[in-house]
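Thanks, everyone. I'll keep this short. Have a look at the model on the screen, and then we'll walk through it.

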Amino acid sequence: MISLGVAIVICGAAIRFGDKPARRVGVIMLTGWLASLIVFRNSPRFTDTGLMLIDGLTAALFVWVSLSSRRLWTVVVSAFQLLAVASHLATIIDHRVTINTYMLSLAVWSHGILAVLAFAVWRHWREQRRVANEDGPS
């Protein structure tokens, strides 16, 4: 639940203070995270196919944002999400991959996405402040 709180804060900041790609990624990330909470089933042996479908759709949407915005950070977000989908597939293909490794990899990639999104929002906010200071009264 701490991770969900961090995601809400970062995605909320992206929606409130970010540029258009950051707002889109924030909405997609929050929607995917909340949908994941609904479909998640805690199986000690098998990968969660519902979660894999949500992550696959999220990856496709992140790629769409990346192609439409042409910002480097969106490519990194898309890559992290595609690695999460690859983690799902690795667990399905090779049963030697443990569920704990699978869950840890999903957490690593999602936290990476949040870190990149937070950095992108901070850069946009800083750029907006710089422009406002240049245009302000002299």
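Of the 138 residues in the protein, 38% are buried. This is a predicted model, so keep that in mind throughout. The exposed surface comes to about 8500 Å². Carbon and sulfur atoms supply 68% of that area.

Now the confidence. The average pLDDT of the protein is 89. A score of at least 70 is reached by 93% of the residues. Among the elements, H3 has the highest mean pLDDT, at 94. H5 has the lowest, at 90.

Next, the architecture. There are 5 helices and 0 strands. Along the sequence the pattern reads α-α-α-α-α. The C-alpha trace spans about 65 × 30 × 20 Å along its principal axes. What about contacts?

Let's turn to H4, residues 72-93. Does its span agree or disagree with its number of residues? H4 has 22 residues, which should span 32 Å at 1.5 Å a residue. The C-alpha atoms at its ends are 31 Å apart, so the two agree.

Which residues of H4 are buried? Trp 73, Thr 74, Val 77, Ser 78 and Gln 81 are among them. Further along, the buried residues include Ala 84, Val 85, Ser 87, His 88 and Thr 91. Look down the axis of H4: its buried residues fall within an arc of 160°, so they line one face of the helix. What do they pack against? The partners are helix H2 (20-39), helix H3 (49-69) and H5. The face of H4 turned away from the buried side carries two exposed residues, Leu 72 and Ile 93.

Now the aromatics. How many aromatic pairs does a search of the whole structure find? It finds 2.

One of them is Phe 80 with Trp 109. The ring centres are 5.8 Å apart, and the planes make an angle of 25°. A pair counts as stacked when the planes are under 30 degrees apart, so Phe 80 and Trp 109 are stacked. Where do the partners sit? Phe 80 is in H4, and Trp 109 is in H5, residues 99-135. The pair therefore ties together parts that are 29 residues apart in sequence.

One more tryptophan before I stop. Trp 125 also belongs to helix H5. Its relative accessible area is 37%, which makes it partly exposed. Now find Ala 14 on your screens. Along the chain, Ala 14 and Trp 125 are 111 residues apart. Their C-alpha atoms are separated by 9.8 Å.

That's my tour. Over to you for questions.

Note on methods:
Residues numbered from 1 in each chain as written. Predicted model: local features only at pLDDT ≥ 70, side-chain atom pairs only at ≥ 80, totals over all residues. Heavy atoms only, no water. Phe/Tyr/Trp six-rings, centres within 6.5 Å; stacked < 30°, edge-to-face > 60°. Helix = DSSP H or I, 4+ residues; strand = E, 2+ residues; numbered from the N terminus. Expected span 1.5 Å × (residues − 1). Buried < 20%, exposed > 50% of the residue type's maximum accessible area, 1.4 Å probe, protein only. Arc of directions from axis to C-beta. Contact = heavy atoms within 4.5 Å. pLDDT = per-residue confidence, 0-100. Areas by Shrake-Rupley, 256 points an atom, 1.4 Å probe, with all protein chains shown as cover.
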